[in-house]
Amino acid sequence: MTRPLPVRGEPALPPWIREKKIRLEDLHEMKARMRRGRLSTVCEEARCPNRTECFRRRTATFLIAGDVCTRACGFCHISSGRPAPLDPAEPAEIVRAAGEMELAHVVVTSVDRDDLPDGGSAHWAAVVRALKDDDPARTVEALTPDFQGVPEQVDRVADAGPDVYNHNVETVPRLYPAVRPKAAFGRSVGLLERVKRRRPQSTTKSGLMLGLGETDAEVVDVFRALKGAGVDVVTVGQYLRPSAWNLPVVEYATPERFDRLREAGEELGLRHVFSGPFVRSSYRAEEFVAPAR
């Protein structure tokens with residue numbers, strides 16, 4: 001699968017955007033623990049700018065179902081191609097790692113597995129159930145792919161009982177052909193609406209990025225659609241190009257723009273809008289559970 005070619009002329013990095021310093025000792029300790037359990041984190045695979053801070057705080061977003069995706073989204077740094085078979089021992093390894101790290105809130109995400117008949121949904125459900133069975137007091141956040149909109153696959157994960165069901169729309173509908181070419185905005189919103197209707201006690205959550213050429217009016221329209229789907233929490237962050245082969249940054253949103261959009265979302269009735277340059281869907285996610293409830 002091809003990725004977008006590098007484009008010159010990206011805007012200069014503004015003063016309110018700073019690449020967070022990487023503390024190698026923090027990365028090494030956490031990565032060693034993950035490797036012992038043959039685990040991956042999306043923090044590493046997506047080159048998240050918050051990864052050392054989260055690792056230092058003993059939090060991480062576990063990446064399940066492999067580290068190769070069947071899609072090639074323009075913004076994403078995760079490798080695309082033909083994934084390896086699922087690891088049946090992975091649910092137990094996730095539980096073991098969560099226990100060793102003494103995590104009270106566990107975030108789980110995955111690559112898209114369009115190669116599997118069930119989209120990986122049974123594996124997803126097994127991971128969520130294993131975490132909940134191991135410690136019922138532990139909260140679990142599932143940040144899932146769209147499962148190609150197949151209702152049974154979405155229901156399978158929702159019925160496993162995640163406390164937070166998260167699925168990102170990522171950007172405004174107009175930009176989907178470049179940003180999420182194999183996804184559909186309506187499909188993603190419909191997934192969130194289905195989960196909320198089926199499991200109203202779960203917190204539903206979604207997120208999107210600024211800096212890809214969207215307008216404020218388009219972002220507010222996304223807020224309106226998410227509100228209509230019963231979404232509780234929305235995260236808004238700055239897109240930062242993870243490699244030369246990903247989509248270029250069109251603009252860096254100012255802190256004032258983030259504040260303005262947060263206020264617009266709250267005025268629409270969204271329960272919580274977390275908006276800022278370094279906000280990510282799973283960044284400090286354990287702090288979002290209490291306010292959402």
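I take two strands as paired if DSSP finds at least two bridges between them, and I take helices (H or I, at least four residues) and strands (E, at least two) as DSSP runs, numbered from the N terminus. I am working on a predicted model, where local features need pLDDT of at least 70, side-chain atom pairs count only at pLDDT 80 or more, and totals for chains, interfaces and linings use all residues. Residues are numbered from 1 along each chain as its sequence is written, and side-chain values use heavy atoms, with hydrogens and water left out.

**Strand β9**

I looked up β9 (residues 233–238) and found six of its six residues buried, so the strand is largely enclosed by the rest of the structure; buried means under 20% relative accessible area, exposed over 50%, and partly exposed in between (1.4 Å probe, protein chains only). On one side I noted Val233, Thr235 and Gly237, and on the other Val234, Val236 and Gln238.

I then checked the neighbours: β9 pairs in the parallel sense with strand β10 (residues 272–275) over four bridges, and valine 234 stands opposite valine 273 there. β8 also pairs with β9 in the parallel sense, over six bridges, with valine 233 as the bridge partner of lysine 205.

**Threonine 204**

Next I turned to threonine 204, which lies in β8 (residues 203–210) and counts as buried because its relative accessibility is 0%. Its side chain reaches the backbone oxygen of glycine 230 at 3.1 Å, and I listed its contacts (heavy atoms within 4.5 Å), which include Tyr165, Leu192 and Val233.

Methods
A polar contact is a pair of N or O atoms within 3.5 Å; within protein, one must be able to donate a hydrogen and the other to accept it, and residues adjacent in sequence count only if both atoms are side-chain atoms. Lists of a residue's contacts leave out its neighbours within four places in sequence.
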